[in-house]
Amino acid sequence: MWDQVQTYFWPWAALIGLSLALVWACKRHPFWGKRLLGILFLLGGLANLFLAIFDPRDYLVFGRFTFFSFYRWFIYMILFRQALWMGTLLALVHLYIAYHFLKGGPLSTLSVVMAIALLLLLAPLGFGSAFPATVFLMAGVYYVKVSMDLETGS
């Protein structure tokens, strides 16, 4: 596994750096942070849709890096075998969240809860989800929601 970690170390480190920069943007400039999070979820949705339709074997890579044997079992035994509909469902969740983060106006509580839940579910993928980037991004979602609620007085 260490050779795989060495292979992906620089992309992993870069994604953590980008997630920290995104959290900073969410805290300092919530409007732009909201937009950037929307773009991130949009890209995640498109990537999942692409994987589900064209290359479902790539889901197996995530099983190597997960923290929990249950996640590994789920990826190898269920997700991979049902990749088309499960990957499409995951993509739809991403795209729903992206829509709410990219549209104008305040964020709905449902979209924030879904974003945090999705990031929380991705965190145990460990190195495959650029952990701890997912935890940082949860903080970014929280900052955007709190800032927007303070602005609108809700």
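The legends below describe close-up views of a predicted model. Local features need pLDDT of at least 70 and side-chain atom pairs count only at pLDDT 80 or more, whereas totals for chains, interfaces and linings use all residues. Residues are numbered from 1 along each chain as its sequence is written, and side-chain values use heavy atoms, with hydrogens and water left out.

**View 1. Helix H7, residues 133-152, and its buried residues.** Helices here are DSSP runs of H or I with at least four residues, numbered from the N terminus. The 20 residues of H7 should span 28 Å at 1.5 Å a residue, and the end C-alpha atoms lie 29 Å apart, which agrees; the expected span is 1.5 Å times one less than the number of residues.

**View 2. The crossing of H2 and H7.** The axes of H2 (residues 30-54) and H7 come within 9 Å and cross at roughly 135°, where axes are lines fitted to C-alpha atoms over the stretch in contact and angles run from 0 to 180 degrees between N-to-C directions. That angle makes H2 oblique to H7, a term for angles that are not under 35 degrees (roughly parallel), over 145 (roughly antiparallel) or 65 to 115 (roughly perpendicular). H2 passes H7 in a left-handed crossing, meaning that the near helix is turned anticlockwise from the far one by less than a right angle. The contact (heavy atoms within 4.5 Å) is made by Pro 30, Gly 33, Lys 34, Leu 37 and Leu 40 of H2 and by Leu 137, Gly 140, Val 141, Val 144, Ser 147 and Met 148 of H7.

**View 3. The crossing of H5 and H6.** H5 (residues 83-102) and H6 (residues 109-122) have axes that come within 9 Å and cross at roughly 135°, and the two helices are therefore oblique to each other. H5 passes H6 in a left-handed crossing, with a contact made by Leu 90, Val 93, His 94, Tyr 96, Ile 97, His 100 and Phe 101 of H5 and Leu 110, Ser 111, Met 114, Ala 115 and Leu 118 of H6.

**View 4. Leu 125 in the loop between H6 and H7.** Leu 125 is buried, with a relative accessible area of 11%. Leaving aside residues up to four places away in sequence, Leu 125 touches Phe 62, Phe 65, Thr 66, Tyr 71 and Ile 75. Leu 125 and Tyr 71 are 54 residues apart in sequence, yet 7.5 Å apart in space, C-alpha to C-alpha.

Terms used
Buried means under 20% relative accessible area, exposed over 50%, partly exposed in between (1.4 Å probe, protein chains only).
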